[in-house]
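Me: I'd like a close look at one part of this model. Could you walk me through a single helix and what surrounds it?

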Amino acid sequence: MKDPIASLLPLSPAALHIMTAVAGEERHGYAIMQEVARQSDGRYKLGPGTLYDNIEKLIDRGLIKEVARSSANDDPRRRYYQLTTFGRRVLSAEVSRLGSVLRAAKMRLATNDSGEV
Amino acid sequence: MSRFIYRLLIGLHPRAFRERFGDEMLCVFDESGPMGAAGCLLDAGASLARQWLLRSGLWRWAIGAGATALLIVSYAHSEANFQKQQIIAQDLAEARRARPLDKTEFNREAAQAVAMLAHFREIDRKKSHRLHSPQAASKDESSQD
């Protein structure tokens with residue numbers, strides 16, 4: 001049987017950013033957009049359509065879930081999202097995969113730099 | 001104005017998506033402020049295309065409809081060609097029937113018929129000659145050799 005975590009990798013950039021944004025604490029849509037922009041130093045910006053398209057996919061795959069709103073004073077239209085346990089395992093696997101890619105890339109670059117002179 | 005257009009774009013999304021995320025998208029638009037409005041509008045247009053073409057399975061219907069249309073057009077085309085060929089064949093047959101023989105053709109046909117008749121009569125004559133006098137027939141054969 002196929003590994004359920006491996007079958008979801010690699011994550012798309014949008015999914016990776018959204019999952020990272022909701023990994024620490026629950027966030028609503030606009031806060032996720034701001035967090036994604038902060039993570040990427042403003043280079044990667046998500047619009048609401050792209051954000052909710054990805055949120056829908058992540059919820060359907062069981063990677064994130066909707067949680068109760070944090071305060072009663074919030075805009076009632078807001079909904080909060082959080083990483084699930086399964087989502088956390090998938091994110092860890094993706095981070096470890098990216099780490100290996102990064103290490104290999106650094107090694108290759110170092111070899112080339114020393115060979116060039 | 002931009003909020004109205006944005007609401008309109010959200011309203012055009014597939015019902016399931018609109019009911020699930022429409023209010024939130026509008027909430028994010030309101031929070032983005034006037035600076036983010038243009039980006040939100042562009043994103044909503046892209047989202048609209050994505051939701052209808054990819055997520056709703058409409059592309060399957062579009063491919064099916066395209067293939068059906070192609071089949072209908074090709075069938076109609078072949079049917080029209082078949083009818084055209086039928087009409088041409090009918091016209092040719094009618095033209096053949098309607099065309100009278102001219103004098104030269106009639107003379108040639110008549111001459112051929114007379115020659116064939118003469119040929120058959122000659123064969124008949126030889127056959128009867130052989131039956132009645134076998135010696136003459138053998139003589140005939142030796143003279144032919």
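Reply: Happy to. Keep in mind that this is a predicted model, so everything below is computed from predicted coordinates.

Let's get our bearings. Chain A has four helices and three strands, and along the sequence they come in the order α-β-α-α-β-β-α. H1(A) covers residues 13-24. Is A:Ser12 buried or exposed? A:Ser12 counts as exposed, because 10 C-beta neighbours lie inside 10 Å and a residue with 12 or fewer falls in that class. The C-alpha of A:Ser12 is 9.4 Å from that of A:Asn54, although the two are 42 residues apart along the chain.

H1(A) lies across E1, E2 and E3 of chain A, and runs at about 95° to E3(A). These three strands form an open sheet in the order E1-E3-E2, with antiparallel pairing. E1 (27-28) and E2 (64-67) of chain A are at the edges with a single partner strand each, so each has one side without a neighbour in the sheet. Strands of a sheet pair through backbone hydrogen bonds, either parallel or antiparallel. Here E1(A) is joined to E3(A), residues 80-83, by two bridges in the antiparallel sense. If you want a spot to look at, A:Arg27 has A:Tyr81 in E3(A) as its bridge partner.

Next, the helix that H1(A) packs on. H1(A) and H2(A) meet at an angle of about 105°, their axes 9 Å apart, which means that H1(A) is roughly perpendicular to H2(A). On the H1(A) side, the residues are A:His17, A:Ile18, A:Thr20, A:Ala21 and A:Val22, and H2(A) brings A:Ile32, A:Glu35, A:Val36 and A:Gln39. By class, that contact has five nonpolar, three polar and one charged residues.

H2(A), residues 29-39, also packs with H3(A), residues 48-60, at about 105°, with axes 11 Å apart. That angle makes H2(A) roughly perpendicular to H3(A). A:Gly29, A:Ile32 and A:Met33 in H2(A) face A:Pro48, A:Leu51 and A:Tyr52 in H3(A); by class, this contact has five nonpolar, one polar and no charged residues. A:Ile32 is listed in the contact with H1(A) and also in the one with H3(A).

Which residues does A:Ile18 contact, leaving aside neighbours within four places in sequence? They are A:Ile32, A:Val36, A:Asn54, A:Ile55 and A:Leu58. A:Ile18 is also among the residues with the most contacts inside the largest nonpolar core, along with A:Met19, A:Val22 and A:Ile64.

That core has 31 residues and brings in both chains: H1, H2, H3, E3 and H4 (85-116) of chain A, together with H1 (2-11) and H2 (15-55) of chain B, each give two or more residues. The largest share, eight residues, comes from H2(B).

As for the two chains overall, 18 residues of chain B are in contact with 14 residues of chain A. Chain B's side of that contact has ten nonpolar, two polar and six charged residues.

Terms used: Residues are numbered from 1 along each chain as its sequence is written. Chains are lettered from A and ligands numbered from 1 in the order in which they are written. This is a predicted model: local features need pLDDT of at least 70, side-chain atom pairs count only at pLDDT 80 or more; totals for chains, interfaces and linings use all residues. Two residues are in contact if their C-beta atoms, placed from the backbone, lie within 7 Å. Ala, Val, Leu, Ile, Met, Phe, Trp, Tyr, Cys and Pro count as nonpolar, Asp, Glu, Lys and Arg as charged, and the others, Gly among them, as polar. Axes are lines fitted to C-alpha atoms, for helices over the stretch in contact, and angles run from 0 to 180 degrees between N-to-C directions. Angles under 35 degrees count as roughly parallel, over 145 as roughly antiparallel, 65 to 115 as roughly perpendicular and the rest as oblique. Two strands pair if DSSP finds at least two bridges between them. A nonpolar core is a set of buried Ala, Val, Leu, Ile, Met, Phe, Trp, Tyr and Cys residues joined through C-beta atoms within 7 Å. A residue is buried if 20 or more other C-beta atoms lie within 10 Å of its own, exposed if 12 or fewer, and partly exposed in between; C-beta atoms are placed from the backbone.
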